[in-house]
Amino acid sequence: MLDKQLKEEETKGETRNKQPVSAQLKSTQSKAPAPFNKVTTPLSLGEGQGGEAAIPKFVGVFVDDMPQNIVTAVSNYHLSYVQLHGDESPVMIDNLRRTLVPDIVPQIKIIKAISVSSAEDLKRCEPYEGHVDLFLFDTKCKGYGGSGQKYDWSVLEAYTGQTPFLLSGGIGPDDIDRLRDFHHPQCIGIDLNSKFETTPGMKDVEMLKKFINNLTPNPSPTASPPCPSPRERGVICQINNKKPHPPTPLQGRGE
Ligand SMILES: O=C(O)c1ccccc1N[C@@H]1O[C@H](COP(=O)(O)O)[C@@H](O)[C@H]1O
């Protein structure tokens with residue numbers, strides 16, 4: 001049964017991989033025009049590390065949205081990750097998790113975006129320690145994020161928290177060397193967004209593939225070095241599409 005379910009998930013993953021974005025969603029939140037749908041592929045969080053095909057997972061991006069909207073989206077779109085890109089509090093996050101786990105998505109992962117321009121900004125991580133699964137360090141900008149701008153990644157040396165993070169903010173095709181040189185024990189992946197778009201919201205899949213292939217080495221069956229860089233750990237590629245699209249019901253989940 002588990003095998004069957006896994007096969008179905010893999011098939012769906014392959015199908016999704018052939019499309020720029022397989023489900024296109026948009027949040028109806030209040031403060032900012034939130035980008036909403038993201039697809040992560042391949043996923044570095046313990047998957048796809050042994051040469052097996054990584055299964056894409058969906059990430060919903062929300063900016064100060066109402067918890068009930070987030071829960072509805074998680075359920076309708078079978079999200080595996082919720083990325084909170086506004087001023088969501090640790091209390092709100094705990095409540096959201098309690099609503100989702102275990103009945104809706106037992107394995108839900110919550111990502112909190114933190115906007116960064118200097119080491120000082122990393123202090124804002126502290127209240128979230130133990131409440132979120134991942135941080136996403138995006139570039140501080142006038143809006144909530146997605147500026148396409150980079151910041152000085154060396155400020156992240158000051159991050160000594162226990163929560164792993166994704167490197168984010170304007171990462172583009174020209175950043176391969178910088179990424180190879182970037183090392184932090186808590187960095188588990190990178191976030192690719194607007195720099196891989198042909199038009200707003202539309203990803204250039206070939207450009208993404210080329211970039212990911214260049215960045216990630218072929219996994220060696222024997223080597224298991226300490227892997228502190230995104231290059232060695234793998235890539236989380238978040239493909240974002242802002243166009244609304246009705247949810248497609250997934251099969252094989254006993255629904
Ligand atoms: O993309 C947006 O419009 C956006 C708006 C509000 C919050 C987050 C947003 N985007 C997310 O920001 C990061 C970095 O994107 P980029 O590389 O700078 O384009 C990414 O996670 C986007 O999904």
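His78 counts as buried because its relative accessibility is 12%, where buried means under 20% relative accessible area, exposed over 50% and partly exposed in between (1.4 Å probe, protein chains only). His78 is found in the loop between H2 and E3. Helices (H or I, at least four residues) and strands (E, at least two) are DSSP runs, numbered from the N terminus. The phi angle of His78 is positive, at about 50°, although this residue is not a glycine.

The model is predicted, so local features need pLDDT of at least 70 and side-chain atom pairs count only at pLDDT 80 or more, while totals for chains, interfaces and linings use all residues. Residues are numbered from 1 along each chain as its sequence is written, and side-chain values use heavy atoms, with hydrogens and water left out.

Asp64 also has a positive phi of about 50° and is not a glycine. Asp64 sits in the loop between E2 and H2. Its relative accessible area is 15%, so Asp64 is buried. Phe62 belongs to strand E2 (residues 57-62). At 1% relative accessibility, Phe62 is buried too. Phe62 and Leu84 are 22 residues apart along the chain, and their C-alpha atoms are separated by 5.1 Å.

Helix H2 (residues 67-77) packs against H3. The two axes come within 10 Å and cross at roughly 40°; axes are lines fitted to C-alpha atoms, for helices over the stretch in contact, and angles run from 0 to 180 degrees between N-to-C directions. On the H2 side, the contact is made by Pro67, Ile70, Val71 and Val74. On the H3 side, it is made by Met92, Leu96, Thr99 and Leu100. Contact here means heavy atoms within 4.5 Å. The crossing of H2 and H3 is right-handed (the near helix is turned clockwise from the far one; left-handed is anticlockwise by less than a right angle). A cis peptide bond, with omega about 5°, joins Val101 and Pro102. Pro102 lies in the loop between H3 and E4.

Nine salt bridges were counted. A salt bridge is a side-chain nitrogen of Lys or Arg within 4 Å of a carboxyl oxygen of Asp or Glu. One of them joins Glu88 and Lys112, with the closest N and O atoms 3.6 Å apart. This pair links distant parts of the chain, 24 residues apart: Glu88 is in the loop between strand E3 (81-84) and helix H3 (90-100), and Lys112 is in strand E4 (residues 109-116). Glu88 is buried, with a relative accessible area of 4%. Lys112 is buried at 2%.

Arg97 and Asp133 form another salt bridge, at 3.0 Å from N to O. Arg97 lies in helix H3 and Asp133 in the loop between E4 and strand E5 (134-139), so the pair ties together parts 36 residues apart in sequence. Arg97 is partly exposed at 22% relative accessible area. Asp133 is partly exposed at 23%. In the salt bridge of Glu197 with Lys203, the closest N and O atoms are 2.5 Å apart. Both of these residues, Glu197 and Lys203, are buried.

Strand E6 (residues 165-167) and strand E7 (residues 187-190) run parallel and are joined by three bridges. Two strands pair if DSSP finds at least two bridges between them. Leu167 has Ile190 in E7 as its bridge partner. E6, helix H4 (residues 176-181) and E7 make a right-handed β-α-β unit: with the strands pointing away from the viewer, the path from the first strand over the helix to the second runs clockwise.
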